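This briefing sets out selected packing features of one protein model. Please read it alongside the sequence and the coordinates.

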Amino acid sequence: MKIYFMERQTLQPLSTKKMRLSDVAYHGLRTAIIKAELLPGSPIDEKECMERLAVGRTPLREALQRLAQEDLLLAVPQRGYFVSSTSATDFFQLQEFRLQAELWAARLAATRISDAQLDRLAALIEEARAGVEAKRMEIEWHLGIDEEMHKLIAEASGNTYLMQALTRLYALSVRSLYVSRMPVALLFEDLNDMVVIHEALASRDPDRAEAAMRGHLSVSATNLIRPVEPSRQTRMETRK
């Protein structure tokens, strides 16, 4: 089975310069799995991965172990690593769990977020605004901005375990969308949500922050069940 990677591509908008080789391998494989370029059940050919990602065996093994811990890969004794299975049912169950975790992160962040973190979120919103105005359509960029926002809020919660759980849940949720070919929104629809969330966090009001996050995630869930017109199929297949 031939494996194709989009070289060193990540789902994060931040620079990948000076990354460790294990991080390069991790992000490259993570992107391929999340975008369903590596389909559920596919075996991981370590030699091919090393060649395509330009990394050695040790960094690759470190990346594979991280991905297995995040449930994106399944480690099978004496056989190696395989891409874990997923389905539309998995997505909705993940969303139920993720919703509660995201709301809790938003509440905690409202009382713990630093001025520096608020500035980072504001800068991220400006990056998103510039991309929306430029009508950027690269799915990786849209996903990167969205994931970075959720990652920043989880970080601001001050709870390491919550942050780790949300990183895992985000990746699993997005992968389920790709595998199931389910439509979701790009930043063209989510930009205002980001602004509302930033304002809520800046107000230091947990109830307001929770409501802002709930509104953002509820709109995304609504987008999942709307009809997809045949003429829009290609565009919808490439939405977050």
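The points below concern a helix pair, a leucine and an aromatic pair.

The model is predicted. Helices α6 and α7 are roughly antiparallel to each other. Leu64, in helix α3, has a relative accessibility of 0%, and the structure holds 1 aromatic pair.

**Helices α6 and α7**

- Helix α6 covers residues 139-156 and helix α7 covers residues 160-180; their axes come within 9 Å and cross at roughly 155°.
- Because an angle over 145 degrees counts as roughly antiparallel, α6 and α7 are therefore assigned to that class.
- The crossing of these two helices, α6 and α7, is right-handed.
- On the α6 side, the contact involves Ile139, Leu143, Asp146, Glu147, His150, Lys151, Ala154 and Glu155, which meet Met163, Leu166, Tyr170, Val174 and Tyr178 of α7.
- By type, the residues of this contact between α6 and α7 comprise 8 nonpolar, 1 polar and 4 charged.

**Leu64**

- Leu64 belongs to helix α3, which spans residues 57-69.
- Leu64 counts as buried because its relative accessibility is 0%, and the threshold for buried is under 20%.
- Beyond residues up to four places away in sequence, Leu64 touches Leu29, Ile44, Glu46, Leu73 and Tyr81.
- Ala25 is 39 residues from Leu64 in sequence, yet their C-alpha atoms are 8.4 Å apart in space.

**Aromatic pair**

- The structure's 1 aromatic pair is formed by Phe91 and Phe92, with ring centres 5.3 Å apart.
- The ring planes of Phe91 and Phe92 lie at 75°, so the pair is edge-to-face.
- Phe91 is buried at 2% relative accessibility, whereas Phe92 is partly exposed at 41%.

Key
Residues numbered from 1 in each chain as written. Predicted model: local features only at pLDDT ≥ 70, side-chain atom pairs only at ≥ 80, totals over all residues. Heavy atoms only, no water. Helix = DSSP H or I, 4+ residues; strand = E, 2+ residues; numbered from the N terminus. Buried < 20%, exposed > 50% of the residue type's maximum accessible area, 1.4 Å probe, protein only. Contact = heavy atoms within 4.5 Å. Axes fitted to C-alpha atoms, helices over the stretch in contact; angles between N-to-C directions. Parallel < 35°, antiparallel > 145°, perpendicular 65-115°, else oblique. Left-handed = near helix turned anticlockwise from the far one by under 90°. Nonpolar A, V, L, I, M, F, W, Y, C, P; charged D, E, K, R; others polar. Phe/Tyr/Trp six-rings, centres within 6.5 Å; stacked < 30°, edge-to-face > 60°.
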